[in-house]
Amino acid sequence: QVQLVESGGGLVQAGGSLRLSCAASGSIFSINTMGWYRQVPGKQRELVAVFTNGGSTNYADSVKGRFTISRDNAKKVYLQMSSLKPEDTAVYYCNYAALGYTYWGQGTQVTVSS
């Protein structure tokens, strides 16, 4: 089992910044994919940014140049969000996947006011 705990969401004005953190605990496999997704009511959860199991990064086109994913190790990942827009408002979920298993955090709300 893997547990994911997110922090760092909140309310920010358009153009502002936030930093999300995710800490994984439990049976962590060092080779994994780990990253961030987001979801708004009535829409599918979508990829925001992720580290692949090869160590490269993938970003949604909508956040390229504004968001940066980083990690300390196999257990902690961060999402630095800058130049936030109202359309970035969503619940952000941390995701961990390895050995055929996928885990999600509880989600953290990010609200960007115009």
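This is a predicted model: local features need pLDDT of at least 70, side-chain atom pairs count only at pLDDT 80 or more; totals for chains, interfaces and linings use all residues.
Buried here means under 20% relative accessible area, exposed over 50%, and partly exposed in between, with a 1.4 Å probe and protein chains only. By that cut-off Arg38 is buried, at a relative accessible area of 6%.

Residues are numbered from 1 along each chain as its sequence is written, and side-chain values use heavy atoms, leaving out hydrogens and water.

Four strands form an open sheet in the order 1-3-8-7, paired antiparallel. Strands are DSSP runs of E, at least two residues, numbered from the N terminus, and two of them pair if DSSP finds at least two bridges between them. Strand 1 (2-7) and strand 7 (67-71) are the edges; each has a single partner strand, so one side of each has no neighbour in the sheet. On average, neighbouring strands are turned by 15° against each other, direction ignored, using axes fitted to C-alpha atoms. Strand 1 is joined to strand 3, residues 18-26, by six bridges, and Gln3 stands opposite Ser25 in strand 3.

Now Arg38, which sits in strand 4, residues 33-39. What does its side chain make polar contacts with? One partner is the side chain of Glu46, at 2.7 Å; another is the side chain of Asp88, at 3.0 Å. A polar contact is a pair of N or O atoms within 3.5 Å; within protein, one must be able to donate a hydrogen and the other to accept it, and residues adjacent in sequence count only if both atoms are side-chain atoms.

Notes. Axes are lines fitted to C-alpha atoms, for helices over the stretch in contact, and angles run from 0 to 180 degrees between N-to-C directions.
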